[in-house]
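Thanks, everyone, for making the time.

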Amino acid sequence: MKTRDNIFLDQFHLQGVPPAPAGEQKGKVCFTIDVNGILNVSAELVSTGYKKSIIIVESGKLSKDDIEKMLKNVVM
């Protein structure tokens, strides 16, 4: 898959990141998608425990068949 094949779904910002030297802040990001094509994205700043998440229900451009094909091609 190429970046040109990507579909913009949504965005959110994890704010409140305290200043630190480059590479010292650690974050955890988790993406899950269910059988209905609902995407859950969560992010956590490890140093502060600050968490934020977003649920993306409608992709607009993808059919259920498209989503199923993408899920079958996911490398675990």
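Let me start with the largest cavity in this predicted model, whose lining is made up of Val35, Asn36, Gly37, Lys64, Ile67 and Glu68. Sorted by class, that lining comprises two nonpolar, two polar and two charged residues. The space inside the largest cavity is about 30 Å³, and the count of cavities of 30 Å³ or more comes to one. As a reminder of the general idea, rolling a probe the size of a water molecule over the atoms shows where empty space is left.

Turning to the chain itself, the protein has one helix and three strands, and, reading from the N terminus, the order of these elements is β-β-β-α. The radius of gyration is 15 Å, whereas a compact globule of 76 residues would have a value near 11 Å, and the C-alpha atoms fill a box of roughly 45 × 25 × 20 Å along the principal axes. Buried residues account for 11% of the 76 residues, while the chain exposes about 6,500 Å², of which carbon and sulfur atoms supply 55%.

Among contacts between residues at least 6 apart in sequence, 39% join residues at least 24 apart. The C-alpha atoms of Asp10 and Ile54 are separated by 8.8 Å, although the two residues are 44 residues apart along the chain. Is Asp10 buried, partly exposed or exposed? Asp10 has a relative accessible area of 43%, so Asp10 counts as partly exposed.

Terms used: Residues numbered from 1 in each chain as written. Predicted model: local features only at pLDDT ≥ 70, side-chain atom pairs only at ≥ 80, totals over all residues. Heavy atoms only, no water. 1 Å grid on protein atoms, 1.4 Å probe; cavity = no way out; pocket = protein on both sides within 12 Å on 5 of 7 lines; lining within 4 Å. Points joined across faces, edges and corners; volume = space filled by probe spheres on them. Nonpolar A, V, L, I, M, F, W, Y, C, P; charged D, E, K, R; others polar. Buried < 20%, exposed > 50% of the residue type's maximum accessible area, 1.4 Å probe, protein only. Helix = DSSP H or I, 4+ residues; strand = E, 2+ residues; numbered from the N terminus. Rg over C-alpha atoms; globule rule 2.2 N^0.38 Å. Contact = heavy atoms within 4.5 Å. Areas by Shrake-Rupley, 256 points an atom, 1.4 Å probe, with all protein chains shown as cover.
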